[in-house]
Amino acid sequence: MTATLDEKLQPIYQDVLHRNPGEKEFHQAVHEVLETLGPVLVKYPEFADKKIIQRICEPERQIIFRVPWQDDSGEIHINRAFRVEFNSALGPYKGGMRFHPSVYLGIIKFLGFEQIFKNALTGLPIGGGKGGSDFDPKGRSDDEIMRFCQSLMTELYRHLGEYTDVPAGDIGVGGREIGYLFGQYKRITNRYESGVFTGKGLAWGGSRARTEATGYGAVFFTQEMLKARGDSLDGKTVVVSGSGNVAIYAIEKAHELGAKVIACSDSQGMIVDEKGIDLKALKQIKEVERRRISAYTEFHKHAKYVEDGNIWTIPCDVALPCATQNELNGKDAKTLVENGCIAVAEGANMPTTPEGVMVFQDAGIAYGPGKAANAGGVATSALEMQQNASRDSWTFDYTQKRLEEIMIDIHKNCYETAAEFGAEGNYVLGANINGYIRVARAMTAMGVI
């Protein structure tokens, strides 16, 4: 069950369905934005006249190519890779690369579409794009991952550039993969173009706090939502789905702000530690040893591992979905609300289904959608681009301060926009409309291109 669309927007959505068959995640992302834009058409009829929405829904460029590579035993594999350059009205295309077996065009287009609005909300000069491959890095050796990355970049390099398209990491793409990708880009182009990739190592152009940024940003946004209600994270019980980069640093910042994270998960199960998740053990398991979350019980016997467990059944004050899309459905949302949850902020992209979003909004809890709550990652990527452009390197504390300021501004803009359009506290509407207006004004100024 999803909200109905304004009658002027219904034909636009039907056209998206017709032109993009079978891409259910993309359809969901478009519908979620369109259902909030009715009031904008009334206030800004010129955007409708210039068909801004229709133009935003159609990517400026879609690149699909094969990636052949050889494993350590000599067997040849062929994967498919994508780069969707969605909208460059505000700046060069900016968005991560995802390596996961689930990747297909619909996933990349949903992520790229979300990225347009997320990047606009940061207030920084970056457009929206996304890329990835159905390659699965799990269980592969470093050499195999290197050969895959080099093969992928041998095609992709021609579409990139610090003023054109700037990728970063995402699920399955961390510092190791960025290193291999950038190395091949440098080798082919004969240019040390630091600003063409973000998420780089500190020794070769990376930004301090970039690793932590998405998780930290989601928690900063949560703190602002609670502050708007006269509350704070201090003393709150938190559950965080996932145990990758975003989840780990969301846990870290939540602990720093006085909360206690009691559960996290991976694709095979979840850990519940009523004493609070031991971040040092979690980092050792996930960042150093690259093992499953079940290994946590080797460090803490009192902790409980539940295979295929549903983390949303754990009573908490705050829930931070930080794993993947559509991981939190309507039933899960009802369980969270019934168990006393007062705030949800999305560290992942579109992790809550439309039914779940409606449950949260009907219950009146503080709900921060991903395009606002997890914008800290791409915001810090843009800060990395600034440092690369000026041949500079900022301290961790300075970068983190800039990140916090950006997240506070995003919250303020979403909150005030929602109030302006008669929906105070509705961060979904506030984020969508604020991001849309920023992009629409730039597109209008540049003419029909």
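The model is predicted: local features need pLDDT of at least 70, side-chain atom pairs count only at pLDDT 80 or more, and totals for chains, interfaces and linings use all residues. Residues are numbered from 1 along each chain as its sequence is written, and side-chain values use heavy atoms, with hydrogens and water left out. The chain is divided into domain 1 (8–56), domain 2 (59–189) and domain 3 (212–373), with bounds that come from an automatic or database domain assignment. A search of the whole structure finds 27 salt bridges, a salt bridge being a side-chain nitrogen of Lys or Arg within 4 Å of a carboxyl oxygen of Asp or Glu.

**Nonpolar cores**

- A nonpolar core is a set of buried Ala, Val, Leu, Ile, Met, Phe, Trp, Tyr and Cys residues joined through side-chain atoms within 4.5 Å. Buried means under 20% relative accessible area, exposed over 50%, and partly exposed in between (1.4 Å probe, protein chains only).
- The largest nonpolar core has 56 residues, and Leu320 and Ile410 have the most contacts inside it. This core lies between domain 2 (59–189) and domain 3 (212–373), because both give residues to it.
- Ile410 touches Leu121, Thr122, Phe221, Ala372 and Ala375, leaving aside residues up to four places away in sequence; contact means heavy atoms within 4.5 Å.
- Another core, of 45 residues, lies apart from the largest one, and its members include Tyr13, Phe110, Ile116 and Val439.

**Interface of domain 1 and domain 2**

- The C-alpha centres of domain 1 and domain 2 lie 26 Å apart. Eleven residues from domain 1 and twelve residues from domain 2 take part in the contact.
- About 1000 Å² is buried between domain 1 and domain 2, and carbon and sulfur atoms give 65% of that area. Buried area is the accessible area (1.4 Å probe) that two parts lose on being put together, summed over both.
- Of the area that domain 1 buries against domain 2, 52% is supplied by Glu25, Phe26 and Ile56, more than by any other three residues.
- The rule finds one salt bridge across this interface. It also finds four residue pairs in polar contact there (both at pLDDT 80 or more).
- A polar contact is a pair of N or O atoms within 3.5 Å; within protein, one must be able to donate a hydrogen and the other to accept it, and residues adjacent in sequence count only if both atoms are side-chain atoms.
- Helix 2 (residues 24–34) gives seven residues, the largest share of the side of domain 1 that touches domain 2. Helices (H or I, at least four residues) and strands (E, at least two) are DSSP runs, numbered from the N terminus.

**Two buried residues in helices**

- Serine 151 lies in helix 7 (residues 142–156) and counts as buried at 18% relative accessibility. The side chain of serine 151 reaches the backbone oxygen of proline 68 at 2.6 Å.
- Threonine 222 is placed in helix 9 (residues 210–227) and counts as buried at 1% relative accessibility. Not counting residues up to four places away in sequence, threonine 222 touches Leu233, Val318, Leu320 and Ala345.
- The C-alpha atoms of threonine 222 and valine 318 are separated by 8.6 Å, although the two are 96 residues apart along the chain.

**Salt bridges**

- Lysine 109 and glutamate 23 meet through their side chains in a salt bridge (2.8 Å, N to O).
- Glutamate 224 forms a salt bridge with lysine 227, with the closest N and O atoms 3.1 Å apart. Both lie in helix 9, three residues apart, about one turn of the helix. Glutamate 224 counts as buried at 12% relative accessibility, whereas lysine 227 is exposed at 51%.
- Lysine 286 and aspartate 266 form a salt bridge (3.2 Å, N to O). Lysine 286 lies in helix 11 (residues 279–288) and aspartate 266 in strand 7 (residues 260–266), so the pair ties together parts that are 20 residues apart in sequence. Lysine 286 is buried at 18% relative accessible area, and aspartate 266 is buried at 15%.
- Lysine 412 and glutamate 416 form a salt bridge (3.5 Å, N to O). Both lie in helix 17 (residues 396–420), four residues apart, about one turn of the helix.
- Glu32, Glu114 and Lys371 are linked in a network of salt bridges.
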